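These are my notebook entries on a structure that was new to me. I set down what I looked up, in the order in which I looked.

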Amino acid sequence: MFTKSLAALGMALAFSTIAFAHDSAHEEKTVKIAAPWEITSFDLAISGYVIQKLEIMENLVDADENGVLRPGLATDWAASEDAMTWRFTLRNNVTFHDGTAFNAGTALTALTRAWKQPGVLSKAPIKSITAEDNVIIFEMEKAFAALPALLAHATTIIPAAASFDEAGAPVAFVGTGPFKVSAYTPPQSIDLERYDNYWGKKAKIAKAGYLAAGRAETRALLAETGDANLVFTFDPAGFNGLQAVDSVETIAVPIPRVVTLKVNAGHAFFADPKARQALSLAINRQAIATSITRFPEAAASQLFPPALNSWHNTDLPKLEYDMEKAKMLLAELGWQKGEDGILVKNGERFAIQLRTFPDRPELPLIATVLQASWKEIGIELDVSVANYSQIPAGHQDGSLHVALYARNYGLTPDPIGTVLQDFAAGGGDWGAMGWENAQVAQALEEIAAKGDVEKRAKNIALVSSIIQEELPLIPITWYQHTASIDANLEDVIIDPLQRSYGLSTMRWKK
Amino acid sequence: MYKKLIAALLKRGLQALIVALIVGLVSFAMMQALPGDAAFRIAAGRYGYDLMDAAAAEAVRQELGLDRHWSLQLFDWLKALAQFNLGESFIYRGSVSEKIAVQLGHTLTLSLSALFVSILIAFPIGIYTGLNPNGWADKFFLQLSIFVRAIPPFAVGLTLVLIFSVHLKLFPVAGFRSFHHLILPAFTLGIGMAAVSNRVIRDSVLEAMHSDWQLFSRIKGLPSGLTLRAHVLRNAALPSVTYIGVQMAYLIEGVVIIETLFAWPGIGHALIHAIFGRDIAMVQGTALTLGLIYVGLNLVIDFLCSFIDPRSAKS
Amino acid sequence: MTLLSVKNLYVFIEDKQVDLLGPISFSLELGENLTIMGETGAGKSLIAQAILGSLPTGLKSRGDILLKGEAIDNLSPKKRAALWGDIITALPQEPWLSLDPLMRSGQQVAETHRYFKSYNWKEAKKQTEQQFKKLDLSDTAQKRPFQLSGGMAQRVAFAAATAGDAELLLADEPTKGLDSHRHDKILSLLKAIPQKGDSLLTITHDLDLAYALGGKIIILKNGKIVEEGITHTVLSSPKASYTQALCAANPSSWPPLSSCTISSKENILVQSEKLRIGRNKIAFIKGLDFCLKAGESLAISGPSGIGKTSLLDTIIGSIKPMGGTLTRAEHIGKWEIQKLYQDPPTAFPPLISLKDNFKAVTKKHKMAWDQLLQLLENVELDASILERRPSNVSGGELQRLSFIRALIAKPKILLADEPTSRLDLITQETCLNLLKKLCREENIGIILVTHNQHIAEKWAHNHIDLNQFCV
Amino acid sequence: MIFFASYSPLKLYRKIGLSRSIGLGLLSIIIISTVIGPDLVGHDPAKQDLLHARQMPNAVHLLGTDHLGRDMAARLLSGARLSLSLGILSLVTAAFLGISLGIIAAWFGTWTDRFLTSFADAILALPGLLLVLILMASAPGSWWLLYIGISLTLWVEFFRYTRQRSRIILAHPSVDASKNLGLSNYFILTRHIFPELRNGLFTISAFGIASAITAIAALGFVSVGIRPPMAEWGLMMTQLLPYWREAPFLILQPIICLVLTILSLHLSVGGFHKK
């Protein structure tokens, strides 16, 4: 009797495997993409990133993989001399996926909505947005050269009217892009089909699928088994493991995101730049880069990575690693070693808290490394791994000591928008804290306002050298955007600015 | 039979009520107790930290009325709960119940198939080891059960994926498109549950085999096979099925972890994200639904037990 | 034709090579019945288990057992089991526990019919119905074991055991704990077996049953045969001293009680008028008047299930009477009504040593330990017995220990709920005499509940038969 | 001490069979190494050596180094201290809570029993991990909340087992006899109930520690676990998981430690029922 039930178990298993031959043949293979970011809702302010990357919706202004702006839904744009008004002329005979026409009306409603919601537009000094037959006019409160770059951002993509119900709540993803949505199962996956009357060059692949896989291990396995042909963002160990898999080609692209340490310069311990320099000297960036991120070249020598080309200042002195010098600097500031090895100054122990979060797996690891290395120079670090909202909250109420996070300067092709937020007067939630520098503030204003190249370069060099000297933010490593591509996929472009997965250009090898 | 129906329903109904109340209070307490400012957390959850800042947090504070006194918020909170209105998800800008409805189906399929797998594995092993106590199989499966119990579920999952997806290329690694995707997550959970339930089944079979009525059934002339089928299995089934009721808690926990590993779009997975993003309305909604699934599955177990042993309804 | 012949049968503990039983030799013809008697714990049940081949693990038998001339003692367990129900069958000692708790009684009998005679279910049900009618179990086929009384369970077990029409029925203590009414019922069933041409082997310590069954008898003492022969001759003129003691111990042959009334009124311990007793609103005794004086004994008898135990619970105060009055003398202290239980092993905490238990009781009632040792000597119990756990002490010794344990609390009233129904005659006699001696010496009033009319009339000063007060 | 009051050490010794002696031997090794801790190996569990991370076991590092170059043997030993203390502490609390409530429910019966059982069912309905998850999210990394949360998940199993067995024991006539003889409730507890419960409770405890530690691992999996640099077996299982391909021996070590612990508990309790 008992053997019968065992046989039944075996048979059930065998049946289920034969019936589903794994790679069932069908006409043209679907390109399956896997990435960590979920599509949680139809609200573009939240899931706009993925919709832009999947090329379902498009911006007025587009950008190529080197960050050079090019016409998108706007054929051309120009600013008045005083850069106070901008005019964007729209492309005509463009249709949305549901057949409705793309015109100034739809563009205006989309841009005003993006302006009202939190996003890059809300930070720009815009006075008004109006439309005149097929031209969109922006009136600015003060000269602002970087507006076109902002209009290339994911939160300013243009949805069709049908994407919203009468009450204005987002209910669908209908755009003008080369791919339209064939199925959407929130929050995990979305299936795409080629949109045949797309205004630009038609995509070569007919069907594509996107799967959000939260765990890095899962993504590595998806890549290895070929369940996903294009997989983004690996953990170091997973990426390293994939090198050995020949059916997959692994790529690492330096991107303008930096793992950096935010120091509260307003706090007594860190007010003096020497203290911040001491902290920086005690960080072995080379060891962290090679052992944790596995990219030795990712060790940050300054805040702005090479991927930001003009902002990367090649003649700045590199950040060194010198424990003795760090101890010497702290001694100069009057810190003496207590019995338990922790520095003490007029009765106060040098015990601080570092706040970080686990969404990016390498952050807690780097925090543990900092904890151990700072212990050697007499600083006791308590590491709190919690939700990332506790960092801006700590900035607002001044309770923050030190915070570790990854700051993205590639939000827009021209990083001035983000840099302005971080280092202008009063610092920023994700930028400097309790640190003021008139020269830097002035230089940033000028970069944002005027366009002429030669003055802009001088200002950028000034800003980067002051930051390197005073270290309001202590950079640790630069980011490498990792991806794996199925061996029989061709012309796949990995965009460092992460604006597109390159679905419209890639194709299957013959 | 009718009276038993009412008794079971009443008992489980009361339990569902207590669960709802506890979940409501705990998640509300969590919202108050979380360090830092609720508005900041929610804004961070919504817009991602590249774009989030104090202004966005302020907008959220007004929108959700987070600056009111906590007792007011608690009153609205429980009133909404009473009307089964789980409220709006802070982060996803849609009603929680709508989000859950979509994802509930996936969790139920996963839980039930995991349960089926655990029964499929645990009963044959439990019966065989129960019939031959202290034999090689008994000792082997005891060690195996201890070993599997000591491994966290995600490690079990990963091993299965390694063997069946990577090396044997039989099943997909993650996702949920077809029945095909269900097998590995269901087996991961099922094996975890079977590791314990097979020992419970073994003990009940052993006890049944040493009972007076088993001996008398043999003495009155019935061969061992017939005695096993007619008497032993049914009597052994009772404690085993009741234990499966207890194991439901393990199933619900396992679902939360396995869905994250296999990118399975169930409410367990949504719960993890809700807790990460501190989306309290979603936390409460998913926790409540998971709790009610547990209560529902236990109601099924109650009927199964009263069907097997009518006496249990009386005692 | 000899159905069963047993030669030099021994039963021994396998790893310690200690003989528990033997040598036993006897033979049994078809249509004949044989009774095996002896004190409890002498290993009588082991003989039946040896013949069946169902000895508990750790015990083995040697010597030859021939069934219709062929040896079955060396058969493989599987072949031995094939004989069960077909040729040899057995009536279980605890019928209530031997029925599958989840299956309807009728079905448990029908499945045997179906297996042996390969009927279909309909036919098997019909057969069972007929069998139940004969055993006046007409409407119990649908009931499950927990809905049956002790007697009904026994008859269902009987029906199931004999469904296979086996030629030899082994009955192990069939009348243990039965009241007289059910005693006669099972007796008639057992007598029918030899009349039908099959053979019956009964193991009992009930002398009246042995006498009623007739046939041949074997008397066992310490696992050895002390006397054997035709039942009537052996029991009417026993030769072996042990058999003589056994016959003398039978309550029916006790001398009537010499009358010694205790007149004075003032030491009345407990009295009742028009007492109504029942549980959860159903009264089953009403209008009961009785009175108990110090040093006096009162016997209460009646069929099982009539409410004897509820009466004792009312006297001790754990349940309230439903009507009438029950007055206890004020001077009776909190612990001064003590209870003695029917099944001695269940009266002691099973997992600790007796010494542990007695230490606590003596400490509670402030009795010196050597005073307790003195009490043990009076009842010829060796102090070393206290080191053991209740499970490995004989029923008789345990009952005497429970008397002593009750005395530690210096009780004024003792309530004994069928204390000796599970003991063999000799142990029963010694225990009851000891009980009376202790009560007289300590001037304790005792109420003895029994279903044995002889004991009730010949042991106690006065006797109440609850049948008259039954609702 | 109640447990052993009725079981003198001499009898315990005579009773040791082969499986029990292996179990107790293993258990004593684990306890001794936990007490001595990292200085048994002479490495500081928090000292990092990034350039020599994920090393195979070698002369210097007996069990190799983890992903930050810290000595695995030292981390396992100091992890043992935290895991076992957390496991045992939450187990003892859960046992105390579960057993006392179980006995109370069995002893008083009727409405207390019904209330406690439905309360236990309600707690069971709220999956333990979820409870701990919510608690931990509000105070990340706090050791106490983790301990409370895990005890809350474990106590129900003790409660159900104790209540069910106690009901059977209390219905036994020997308890009625003891009560009639005026013996105290303490006697009934220690002489009637505990000897009966002991073996069953040991088995539940053995598996209880396993579920406590795997719960911490699960918490680590969803990044809500203990703060760095504390070493803990459950957390190590999660942290070393990504390296399953390049250094599989790393993740196996905490798992094997846990298996040995449970096995030793199981064996020393006489896990093999000799029915």
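**Entry 1: a residue of chain C**

I began with I413(C), which counts as buried because it has 22 C-beta neighbours inside 10 Å. I took a residue as buried if 20 or more other C-beta atoms lie within 10 Å of its own, as exposed if 12 or fewer do, and as partly exposed in between, with C-beta atoms placed from the backbone. I note that the model is predicted, that local features need pLDDT of at least 70 and side-chain atom pairs pLDDT 80 or more, and that totals for chains, interfaces and linings use all residues. Residues are numbered from 1 along each chain as its sequence is written, while chains are lettered from A and ligands numbered from 1 in the order in which they are written.

I located I413(C) in strand β16 of chain C, residues 413-417. Helices (H or I, at least four residues) and strands (E, at least two) are DSSP runs, numbered from the N terminus. I then asked which residues I413(C) touches, not counting residues up to four places away in sequence. I found L269(C), V270(C), L292(C), I332(C), E336(C), I337(C), I444(C) and G445(C). Contact here requires that the C-beta atoms of two residues, placed from the backbone, lie within 7 Å. For G445(C), I also looked up the C-alpha separation from I413(C), which is 4.8 Å, although the two are 32 residues apart along the chain.

**Entry 2: domains and helices of chain C**

I found chain C divided into domain 1 (2-249) and domain 2 (265-469); such bounds come from an automatic or database domain assignment. The C-alpha centres of these two domains of chain C lie 33 Å apart. Where they meet, 15 residues of domain 1 of chain C are in contact with 17 residues of domain 2 of chain C. On the domain 1 side, α6 (180-195) and α9 (241-249) of chain C each supply at least two residues, and α9(C) has the largest share, with three.

I next examined helix α13 (residues 395-408) and helix α14 (residues 425-442) of chain C, whose axes come within 10 Å and cross at roughly 10°. α13(C) is therefore roughly parallel to α14(C). Angles under 35 degrees count as roughly parallel, over 145 as roughly antiparallel, 65 to 115 as roughly perpendicular and the rest as oblique. The residues in this contact include F403(C) and L407(C) of α13(C) and L434(C) and L438(C) of α14(C). By class, the contact has six nonpolar, three polar and two charged residues.

**Entry 3: a helix pair of chain A**

Among the residues in contact are V440(A) and L444(A) of α14(A), and I460(A) and V463(A) of α15(A). The contact holds eight nonpolar, two polar and three charged residues.

**Entry 4: how the chains meet**

Which chains share the most contacts, of the five pairs in contact? I found that chains A and B do. Their contact takes 47 residues from chain B and 44 residues from chain A. On the side of chain B that touches chain A, α2(B) gives the largest share, eight residues, and the classes are 31 nonpolar, seven polar and nine charged.

I turned to chains B and D, where 42 residues of chain B are in contact with 34 residues of chain D. α1(B) gives the most to the chain B side, with eleven residues. That side divides into 33 nonpolar, six polar and three charged residues. Chain A and chain C do not touch, and their nearest C-alpha atoms are 18 Å apart.

**Entry 5: chain D**

Lastly, I looked at the make-up of chain D, which has eleven helices and zero strands. Of its 275 residues, 55% count as buried.

Note on methods:
Ala, Val, Leu, Ile, Met, Phe, Trp, Tyr, Cys and Pro count as nonpolar, Asp, Glu, Lys and Arg as charged, and the others, Gly among them, as polar. Axes are lines fitted to C-alpha atoms, for helices over the stretch in contact, and angles run from 0 to 180 degrees between N-to-C directions.
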